[in-house]
Amino acid sequence: FSALKNLPSTTVAVSFSTRKEERETVHSIKLTNSGNAVAFFVHVRCLQHKGGDDILPVIFSDNYISLAPGESRTIECSYDNKYAAGAKPFILVKGWNIDVTMSKAGNDAGFEKD
């Protein structure tokens with residue numbers, strides 16, 4: 001596993017759209033590796049608001065993914081509206097080698113630092 005420590009950093013762009021229904025909210029989260037190295041072990045969380053607690057339970061279509069340079073993936077996350085506690089959700093992304101200072105996120109999304 002020592003080679004993982006030497007992975008070059010990369011940048012990721014994140015954006016999402018939301019579909020709110022009567023009982024359920026679904027976010028389509030698009031992750032794009034905008035850098036030149038593999039984005040390794042990219043993990044997505046859905047918070048009740050920026051700096052807030054995780055919305056739980058939540059179901060992700062995928063998580064802990066790797067993205068090749070230039071690759072994009074869309075992950076869906078869904079939860080019952082009662083678990084969001086009426087707050088405006090915030091999407092938080094973390095990865096093994098993501099350069100959070102150079103990565104870009106749309107409104108109500110951001111990156112978790114180590």
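Begin by selecting T25, which lies in strand β2, spanning residues 24-33. The model on display is predicted. T25 counts as buried because its relative accessibility is 4%, under the 20% limit for that label.

Next, show the side chains of T25 and N81. A polar contact of 2.4 Å links the two. Then display the other partners of T25. Apart from neighbours within four places in sequence, T25 is in contact with T18, R19, K20, C77, S78, Y79 and N81.

Now move to E24, which also has its place in strand β2. Is E24 buried, partly exposed or exposed? With a relative accessibility of 31%, E24 counts as partly exposed. Beyond its neighbours within four places in sequence, E24 is in contact with R19, S78, Y79, D80 and N81. Select the C-alpha atoms of E24 and Y79: they are separated by 5.7 Å, although the two residues are 55 residues apart along the chain.

The tour continues with the largest nonpolar core, which has 20 residues. Select V14, I29, L31, V42, V44, I91 and V93, the members that touch the most other members. Colour the elements that give two or more residues to this core: β1 (12-20), β2, β3 (39-47), β5 (65-67), β6 (72-80), β7 (90-94) and β9 (109-111). Which element gives the largest share of this core? Strand β3 does, with 4 residues.

Finally, select I91. Not counting residues up to four places away in sequence, I91 touches F16, H27, I29, V44, R45, C46, D108, A109 and G110.

Technical notes. Residues numbered from 1 in each chain as written. Predicted model: local features only at pLDDT ≥ 70, side-chain atom pairs only at ≥ 80, totals over all residues. Heavy atoms only, no water. Buried < 20%, exposed > 50% of the residue type's maximum accessible area, 1.4 Å probe, protein only. Polar contact = N/O pair within 3.5 Å; in protein donor to acceptor, adjacent residues only side chain to side chain. Contact = heavy atoms within 4.5 Å. Core = buried A, V, L, I, M, F, W, Y, C linked by side-chain atoms within 4.5 Å.
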